[in-house]
Structures are given as C-alpha cells and as structure tokens.
Amino acid sequence: MVLMTYAQAAVLAVQREMEADPRVVVMGEDVGRGGIFGQYKGLQETFGRERVIDTPISEAAIMGSGVGMALAGMRPVVEMRVVDFALCGMDEIVNQAAKNRYMFGGQGRVPLVARMPSGIWDASAAQHSQSLEAWFAHLPGLVVVCPSTAQDNYSLLRAAMQCGDPVVYMEHKTLWGLEGPVDESVQVPLGRAATLRQGKDITVVSWSRQVQVCQKACEELARMGIEAELIDLRTIWPWDREAVLASCAKTSRLLVTHEAIQAGGFGAEIAATVAEHLPCKVKRLGAPRIPVGYAPVLEAQARVTVQATVQAAVQLMG
C-alpha cells in the first residue's frame, strides 16, 4: 500500500489504464496542465498531446466528441471540470451516450467515462456547488459512481474505464486532498457497496463526501450506546440493494443521508425499496431545497452536518 491523495489516486488509475490500453484517451479543458484539481498531473508529458487532448471551452463539443470517439472504438475519459458545467453538454449525455446502445440494437457501444466533480465547493456559490447524481441515476443507459476514498477513487475509476457503457463518474470537489492508503491490486466492481462499520441498532447509508460526515456521526452515536452500521454505497447506479437490505433486515432501521437536496434525491429510491421489502423504520436526510449560498453562513444552511445526522438517527431509534 502507498499513502496518496484522492487526486493522486485518480492520476494513477488513468495512467495504468492508458498504459494497458492504447484506446484510452483523455480530453477536456486544461487537462494538459493537469486539470484544475491535479487529477491529470503529468499525464500529457507521459503520453503526449494526441492522447491527453486540450479542448476548446465548449462542453457540448467535448462530450459530443467523446461520444463519437467511443462509437469509433476508443475509450475516452471526458473531463467536464465540474458537474455544473456538464449541464451545457446534457443532450450529448442524455440523448446520445445513454441511449445509443439501446436505440441501435447493441450495434454501437459508448464506453466513455464522463468525470463530473460534484458537491458543495467551499465558497463557490450556487452555480459551482450542486450534487446532481439523482439526475443521472434516473437515465437508463448510464452507470453512476460516487467514490469517497482514495482507494475507491483508484479502483472504481479503473473499473469505470473498463466498463463497456457510459459512466458518469462524480468525484467530490473537496476530497482531492484527502489522503489514504491505496493498494493497486484491489479491484472494486461497479455496483458493490462497502460496509465501513458493523452495528446492530441502525443502518446508515450514504456516499461521496457525506460518508465522512456519517463516520463522525457514528462515532458520536457509539458514545451514546447506539451501534450504527455504516454503508458507503459507492455506486449510485447500479446500487447494491442486497447489501442494504441485508443490513436493514438485521437492524430494522434505515437512515439514508446525502449532501444532495432531499426533495427528489436518490435517497428516496433507497428508502422506498427498503420500505417495500422489509418491516423497517425508514428516514431520509438531505439538504433543504435552496441554492447553495456564497457567504459562509448561507453555505452552512445547505450542509447536512454531523449534528443533524446524529439527531436524525436518535429520532429513528425512538
């Protein structure tokens, strides 16, 4: 194992896939100088401008080119800088990448990875702080991934680049400096959750940066005598129903929490599935339906905190 940051793990994952498969290319704004988070640092020097391609400032053109490359047999990694900017290329994602395999009877495949850094970006206001994973989970034909650790960012990014279908890959904007051990031999399949903490009283399900919030909340709950089982979903679609249902069958209580707005959030899908299958008490916890403010006091109103998570768990315990 090697200690590295979330960003360094991503660079290593792309490097390994580019070494193994000459069809893998990177394209996007500023990728040549390493990307705005350092997630491509050194790759253009290693692989050249023909495989690490700087593009004009047009998300629609970038994504459209990526779809075309994928249909022609390449495996592009398409950088959108942040998920908020990806909205300018939604037609290419929604109507082209996601639907091509179905609409043409499997004659074409779109094996691209669209990297869309997600979540609240400190002091970056409403247009740079959105968590939109539920949008993409709603679309047939897309795989959606939200890694929370350096190891998962390495292993899941490699799995995404090896996938034969389009993957929306959502790294959190504030996790790039997070350090953790990375073992290159560890393979993490898409669609498999990780149980980070065992417990018998309540199941807590989350993903992305909110997992760190939940870990602190579980520690506080333990001091209160409440044993929480914490599941990091990792892949939003397909999501690991078996792991969540097995845990809820044991605890009979589910708290699903995410940084995204609660109304219409993906937590509702998890909560509804568990409620349909088990006699389980269920509670959701997400952000209020407000834009993320620039001022720290306003930004704080959009965050789902450790205290709020503990309070929701205690209420669910009854």
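Biologist: Is Asp 84 buried or exposed?

Modeller: Asp 84 counts as buried, at 7% relative accessibility. Keep in mind that this is a predicted model.

Biologist: What does the side chain of Asp 84 meet in a salt bridge?

Modeller: Lys 173, with 2.7 Å from N to O. Lys 173 is in the loop between β7 (167–169) and β8, while Asp 84 is in helix α4 (residues 83–86), so the pair ties together parts 89 residues apart in sequence. Lys 173 counts as buried too, at 3% relative accessibility.

Biologist: How many salt bridges are there in the whole structure?

Modeller: A search finds 18. Some share partners: Glu 29, Asp 30, Arg 33 and Arg 81 are joined that way into one network.

Biologist: What about Arg 16, which salt bridge does its side chain form with Glu 184, and at what N to O distance?

Modeller: That one is at 2.7 Å. Arg 16 sits in helix α1 and Glu 184 in the loop between β8 (179–182) and β9 (194–197), so this pair ties together parts that are 168 residues apart in sequence. Glu 184 is partly exposed, with a relative accessible area of 36%, and Arg 16 is partly exposed at 24%.

Biologist: And Glu 19, which residue does it form a salt bridge with?

Modeller: Also Arg 16; the closest N and O atoms are 3.2 Å apart. Glu 19 and Arg 16 are three residues apart in helix α1 (residues 6–20), which means about one helical turn separates them. Glu 19 is partly exposed, at 45% relative accessibility.

Biologist: Changing topic, α13. How many residues does it have, and how far does it reach?

Modeller: Helix α13 (residues 306–317) has 12 residues and reaches 17 Å from its first C-alpha to its last.

Biologist: Which residues in α13 are buried?

Modeller: Thr 309, Val 310, Ala 312, Ala 313 and Leu 316. Looking down the axis of α13, the buried residues fall within an arc of 165 degrees, so they line one face of the helix.

Biologist: Which residue just after α13 takes a positive phi?

Modeller: Gly 318, with a phi of about 80 degrees.

Methods
Residues numbered from 1 in each chain as written. Predicted model: local features only at pLDDT ≥ 70, side-chain atom pairs only at ≥ 80, totals over all residues. Heavy atoms only, no water. Salt bridge = Lys/Arg side-chain N within 4 Å of Asp/Glu carboxyl O. Helix = DSSP H or I, 4+ residues; strand = E, 2+ residues; numbered from the N terminus. Buried < 20%, exposed > 50% of the residue type's maximum accessible area, 1.4 Å probe, protein only. Expected span 1.5 Å × (residues − 1). Arc of directions from axis to C-beta.
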